[in-house]
Structures are given as structure tokens and as C-alpha cells.
2 protein chains.
Amino acid sequence: MSLVVIGTVAFDALETPFGKTDKIIGGAATYIGLSASYSLKPVKLVAVVGDDFPQSDILLLQEHGVDTEGLQIKEGEKSFFWSGKYANDLNSRETLVTELNVLADFDPVLPDSYQDCKYLMLGNLTPQIQRLVIQRLVNRPKLIVMDTMNFWMDIALDELLTTIEMVDVLSINDEEARQLSGEYSLVKAAKKILGMGPKFLIIKKGEHGALLFHKNQIFFAPALPLEEVFDPTGAGDTFAGGFIGHLAATDDISFENMKRAVIHGSAMASFCVEKFGTERLLNLTKEEIAAREKQFGELVRVEETPA
Amino acid sequence: MSLVVIGTVAFDALETPFGKTDKIIGGAATYIGLSASYSLKPVKLVAVVGDDFPQSDILLLQEHGVDTEGLQIKEGEKSFFWSGKYANDLNSRETLVTELNVLADFDPVLPDSYQDCKYLMLGNLTPQIQRLVIQRLVNRPKLIVMDTMNFWMDIALDELLTTIEMVDVLSINDEEARQLSGEYSLVKAAKKILGMGPKFLIIKKGEHGALLFHKNQIFFAPALPLEEVFDPTGAGDTFAGGFIGHLAATDDISFENMKRAVIHGSAMASFCVEKFGTERLLNLTKEEIAAREKQFGELVRVEETPA
């Protein structure tokens with residue numbers, strides 16, 4: 001059931017209506033790895049950082065069951081850095097700084113111990129690099145899940161489409177689904193995107209939940225109505241980590257189990273947004289997670305009409 | 001189980017990305033009445049139009065089981081007219097024309113035959129007029145549901161709050177809930193609004209579904225992902241009509257039955273948006289409605305994890 005995750009490990013500086021942070025640990029693979037680690041360990045990480053990345057943060061990942069053998073540390077280089085500011089409604093954000101640094105010429109190296117990969121999570125990255133990871137695995141994984149974003153649709157659409165064709169599950173948000181398909185209706189968008197290769201499509205709608213499409217089937221998972229949303233950073237990645245973590249741990253890729261994986265991912269994401277950055281993901285209990293998943297069921301449960 | 005509906009009966013001229021209409025029948029009470037008529041008949045209407053309102057449209061309402069004894073026709077005056085244009089995403093709209101006409105001095109008259117009212121639906125109108133209807137009923141109805149909008153929060157907040165305090169269920173959209181409460185989080189907003197009088201609160205989120213709040217309970221009904229959304233006009237009113245129609249027909253105001261009413265209202269609204277104006281509401285079958293309600297159940301159904 002080996003799970004391999006590729007993506008960014010980075011510094012983020014965040015500003016929300018509720019406060020701001022200095023440089024804290026961030027990056028897609030960080031959120032995915034931490035989130036998936038609650039379903040199974042180890043989570044085998046493929047990523048790159050500079051020598052400015054604190055050993056304590058690497059230890060933090062390891063303590064949570066993230067195998068960092070595939071984490072390259074580039075001497076004399078700096079880690080990827082992203083800084084962003086959220087609007088008051090937390091639904092849009094402005095990028096203040098993007099410094100690619102080590103990411104500019106990232107060449108993903110897979111340790112031999114990663115070749116047993118059965119579940120592969122491609123976190124948001126250049127589609128060429130995502131594809132390289134698939135190609136560098138001797139055997140095709142049982143399931144490949146890919147996350148991406150509008151940025152690659154803007155500047156590298158052909159490369160993106162080539163990678164999308166190779167994966168089993170694509171995870172994007174509603175605006176990205178519209179952009180990728182040219183269709184406003186998400187149902188029509190999903191039909192087009194499922195024609196591009198993936199057998200499953202997840203459309204993330206943030207505070208409005210997530211849709212899972214497969215053939216002509218649609219499943220909808222609400223987002224939990226929360227009293228406090230503090231910082232949405234990493235919510236989509238945390239969702240993806242929970243999703244593939246559940247699938248890898250149960251080793252069941254039926255549509256029915258994917259529904260449960262969507263609920264689990266949604267539950268993990270609902271924790272993520274309660275605090276800044278990765279903070280809330282660092283010490284969850286199995287009980288807290290199970291209780292939250294139960295809330296998702298209760299939120300939509302309707303008793304059958306009495307006969 | 002007598003159901004009384006008050007609201008506007010009007011002319012609308014609509015423009016969406018998919019086309020535009022001349023003056024067609026519209027108004028909150030029209031959509032509410034037509035929608036509720038699929039649950040029970042008659043729906044007793046209280047409204048006012050001018051003598052420009054076609055007899056054929058009044059007949060249309062009557063044929064669908066709407067009792068128009070409480071529909072005043074003002075000789076020499078013109079009907080309320082609203083014209084609006086939707087943005088490309090159909091999520092925002094611009095008002096082009098609002099002519100109050102007969103609505104400016106609407107004095108709602110309740111025929112004696114309406115005094116058996118057990119379920120009262122206050123469609124969007126001046127809160128003073130909504131309140132007058134409650135006061136003119138000799139006996140307080142078993143359930144009063146009120147719909148309103150941000151316009152009254154802007155220009156008549158005190159009047160609005162006085163009326164809100166008198167009702168059992170308030171139905172508003174997410175932005176209105178935020179405005180009314182001053183809280184961004186819908187959970188916090190709901191707590192504040194439930195402190196203003198109503199025992200139940202419905203927050204409509206358009207294509208993102210609807211939330212029902214009661215004490216510390218929350219129920220969420222998704223909106224059905226649709227291939228074609230043609231015209232959102234009247235969707236909220238159609239929802240409200242389906243909601244109170246179901247409650248009146250079943251005469252059960254438990255939280256559990258309110259959930260079913262929300263699903264039924266959502267199903268009715270999902271039909272409404274498929275065509276311009278009231279068109280799709282004019283000839284639905286019980287089978288179509290039941291099939292659509294079933295889709296709502298299937299959309300969120302997850303089988304229990306095998307033990």
C-alpha cells in the first residue's frame with residue numbers, strides 16, 4: 001500500500017483578516033503528507049528544499065510519519081517561498097510574493113525504496129515534473145491522483161493535458177474546472193474533463209463542498225459549516241491528502257470507497273482551516289477525526305418519510 | 001391545512017446570458033403559489049395587480065389551484081414591474097427597472113374565507129405589509145414562514161426586525177444572513193438570527209444548496225448539479241413555495257419534516273431554473289418531482305463502511 005507524494009515543501013507567509021504570519025512551513029506536499037499520515041504511515045515524500053529549511057521542520061514531518069528520504073536539500077540554495085493575502089471573505093487571495101528558488105530546476109529523484117509505490121499523489125507542480133515522477137516509477141501505481149491549478153492552464157496547457165491524460169483522478173476547484181473545460185455548468189465541465197483521460201474527477205468548491213464525478217455518477221460532499229474559518233491555506237491539499245490516504249489505507253478504489261475518501265478528505269480540510277498554516281494538522285486524534293466525519297453524515301441525513 | 005401566501009404578482013423582463021424575455025408573469029407570490037400548488041390546493045393568494053394584468057395569467061394561476069379571491073385588481077393602475085439582467089455566471093444580477101406602481105400603496109385585504117389559515121407564507125414585501133397580514137388574521141397560524149431581502153435591511157431595518165420577531169421560519173440567502181447578523185461565518189450568523197425571534201432559519205446558497213438551522217442542529221441540502229441553468233429568477237421563491245407547501249400538506253412541523261420540506265423545495269427550485277420565468281413550473285408531474293427528490297438523496301448517499 002505504499003503511498004508516494006510529490007509536491008512543494010516551502011515557506012509561506014500568510015495574511016488573513018484575522019492575522020498574519022512570518023515564514024512558516026507550507027507547500028502542497030507538506031499539507032498532503034501530514035493529512036495522509038493520519039490514514040497510514042509512512043507517507044513517502046518527493047520534494048526539494050534549500051539549506052535554509054530548518055532541520056526542526058524536517059523532524060516535524062518525520063515525527064508525523066513522513067518518510068523524507070526523497071526530500072532533496074540543495075546546499076547554497078533557498079526554499080520555495082510564497083506569500084499571499086486573503087480578501088475579507090477568504091474566498092479570494094492575492095499573491096504578494098512568489099520566489100521559485102530551488103523549485104526552478106527541480107529534478108525529482110525517487111529513492112529505490114519508493115519503487116513499491118501503489119498510490120501516487122501528484123501535488124500541484126509543473127505538469128512536466130508531475131509526469132517525470134510517473135515515468136520514473138518502474139511499475140505504474142494502482143492509482144494516480146493529480147492536483148493542479150489554473151496557473152498551469154494559463155502557461156502550460158499542452159503539457160498539462162498530456163499529464164492529465166495519464167492519471168486516474170484529477171482534483172481541481174470549480175473555477176479551474178470551468179477554465180479547463182470552457183463550460184460554465186460543472187456537470188458539462190465534468191463530462192468534458194472525464195473525456196480527457198481521468199476516470200474520476202473531483203471538483204472542490206471550498207466552503208461549498210466537493211463533487212466527485214465518475215462516468216454518469218455524481219457524489220456531493222458538503223463542507224462543514226464552521227464557526228471559525230481562520231486560514232484556508234492548504235485546505236485543498238489537506239483534502240487531497242486525506243482522500244488518497246484513505247484510499248491507500250483501505251486499498252479499495254471503488255466509487256463507493258472514493259465517496260468515503262471524499263468525506264474523510266473534507267473532514268481533514270475542515271480541521272486545517274481552523275488555525276494558521278499546518279498548526280491544526282499537527283496533533284489531531286483519531287477520535288476527533290471520526291467525530292467530525294460523523295458530523296458530515298448527520299449534516300445531510302434525512303429519515304425516510306413514514307409510510 | 002389552509003395555506004395563505006402573500007407577495008408580489010408582477011411583470012418581469014429578464015435578461016440572462018442565454019436570452020431575454022419581454023414582460024412575463026413574475027413576482028414572489030406567483031412562484032410561491034405555483035410551487036406550493038404541487039403539494040396542496042388551493043393556495044390562497046393575497047396580492048395586488050393593475051388592470052394591465054392579463055386575465056389569462058389570472059386564469060393560469062387559478063388552473064394551478066391558486067385561489068385568487070385575495071388578489072386585488074386596481075382599475076386604472078399598473079402592475080408592479082421589475083426588469084433585471086444577470087451576469088455571465090448567473091450569480092449576480094443588476095436591476096434595470098423597478099416600477100412599484102400598485103405596490104406603492106398596497107393594503108392587503110384578507111377575504112373571510114382565508115381566516116382558516118394554518119400555514120402562512122410571507123413572500124418578499126415591505127415588512128410593514130407582511131406584519132399587517134399577520135395582524136389581520138384572527139387566529140395566529142400554526143406556522144409563519146417569512147422571506148425577505150437585503151433591500152429591507154438597507155432601508156427599513158427596524159420594521160424588518162419587528163416582523164422577523166413574529167415569525168417561525170425566516171428564509172434568506174447567505175449574503176443577507178451576513179448583512180442581517182454582521183457575522184461572516186454562517187454558523188455564527190445563524191445563532192444571532194435565531195436570537196431575533198424565529199425558531200428556524202433557512203439560509204439559501206443558490207447553486208450551493210441550502211442550510212436549515214434550529215437550536216443547535218444544522219441540516220444541509222445540496223443543490224442538484226444541473227447541466228443547464230437557464231434563468232435563476234424565482235428560484236428562491238419556488239424553494240419557499242415548495243417548502244411551505246410540503247409542510248402544509250403533511251401538517252408536520254418537526255425538524256425532521258422540515259428537512260424533507262427543504263429537499264422538496266430544492267427539487268422544485270431545480271426545475272424552476274431550467275427555463276425562463278415560471279415556464280417549467282406550469283406542467284410538472286408528481287413522478288418528475290419524486291424522481292428529482294430521489295436524486296437529492298442519491299447525491300449525498302454513502303454506504304456504511306463494511307465492518
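Chain A of this predicted model is built around an open sheet of nine strands, which follow one another in the order 6-5-1-9-10-11-12-13-14 with mixed pairing. Strands here are DSSP runs of E with at least two residues, helices are DSSP runs of H or I with at least four, and both are numbered from the N terminus. Two strands count as paired if DSSP finds at least two bridges between them. At the edges of the sheet stand strand 6 (66-74) and strand 14 (217-221) of chain A; each has a single partner strand, so one side of each is left without a neighbour in the sheet. On average, neighbouring strands of this sheet are turned by 15° against each other, direction ignored. For such angles, axes are lines fitted to C-alpha atoms (for helices, over the stretch in contact), and the values run from 0 to 180 degrees between N-to-C directions.

A word on conventions: residues are numbered from 1 along each chain as its sequence is written, while chains are lettered from A and ligands numbered from 1 in the order in which they are written. As the model is predicted, local features need pLDDT of at least 70 and side-chain atom pairs count only at pLDDT 80 or more, whereas totals for chains, interfaces and linings use all residues; side-chain values use heavy atoms, with hydrogens and water left out.

One residue to look for is A:V4, whose bridge partner in strand 5 of chain A is A:K44. Helix 2 (residues 55-63) of chain A packs on the sheet, touching strand 5 and strand 6 of chain A, and its direction makes about 160° with that of strand 6. Contact here means heavy atoms within 4.5 Å. Elsewhere on the sheet, helix 6 (residues 174-181) of chain A lies across strand 11 (169-173) and strand 12 (200-204) of chain A, running at about 110° to strand 11.

Chain B has an open sheet of nine strands too, in the order 6-5-1-9-10-11-12-13-14 and with mixed pairing. Its edge strands are strand 6 (66-74) and strand 14 of chain B, each pairing on one side only. Within chain B, strand 10 (residues 143-147) and strand 11 (residues 169-173) run parallel and are joined by three bridges, and B:M146 stands opposite B:L170 in strand 11. Helix 1 of chain B packs on this sheet, where it touches strand 1 (3-6), strand 5, strand 6 and strand 9 (119-122) of chain B; the direction of helix 1 makes about 160° with that of strand 1.

A few backbone details are worth a look. The peptide bond from A:K41 to A:P42 is cis, with omega near -5°, and A:P42 is found in the loop between helix 1 (28-36) and strand 5 of chain A. In chain B, a cis peptide bond joins B:K41 and B:P42, with omega about -5°. A:N101, a residue other than glycine, has a positive phi near 50°; A:N101 sits in the loop between strand 8 (93-99) and strand 9 (119-122) of chain A.

How do the two chains relate? Chain A can be laid on chain B with an RMSD of 0.0 Å by a turn of 180° and a shift of 0.0 Å along the axis, the copies being superposed by least squares on the C-alpha atoms of residues with pLDDT of at least 70 in both. That is the relation of a two-fold axis. In chain A, the C-alpha nearest the axis belongs to A:H208, 3.0 Å from it. The same surface serves both copies, as 100% of the contact residues of chain A recur in chain B.

At the interface, 32 residues of chain A are in contact with 32 residues of chain B. About 3000 Å² is buried between the two chains, and carbon and sulfur atoms give 54% of that area. Buried area is the accessible area (1.4 Å probe) that two parts lose on being put together, summed over both. Six salt bridges are found across the interface of chain A and chain B, each a side-chain nitrogen of Lys or Arg within 4 Å of a carboxyl oxygen of Asp or Glu. The side chains of A:E227 and B:K191 meet in a salt bridge (2.4 Å, N to O).
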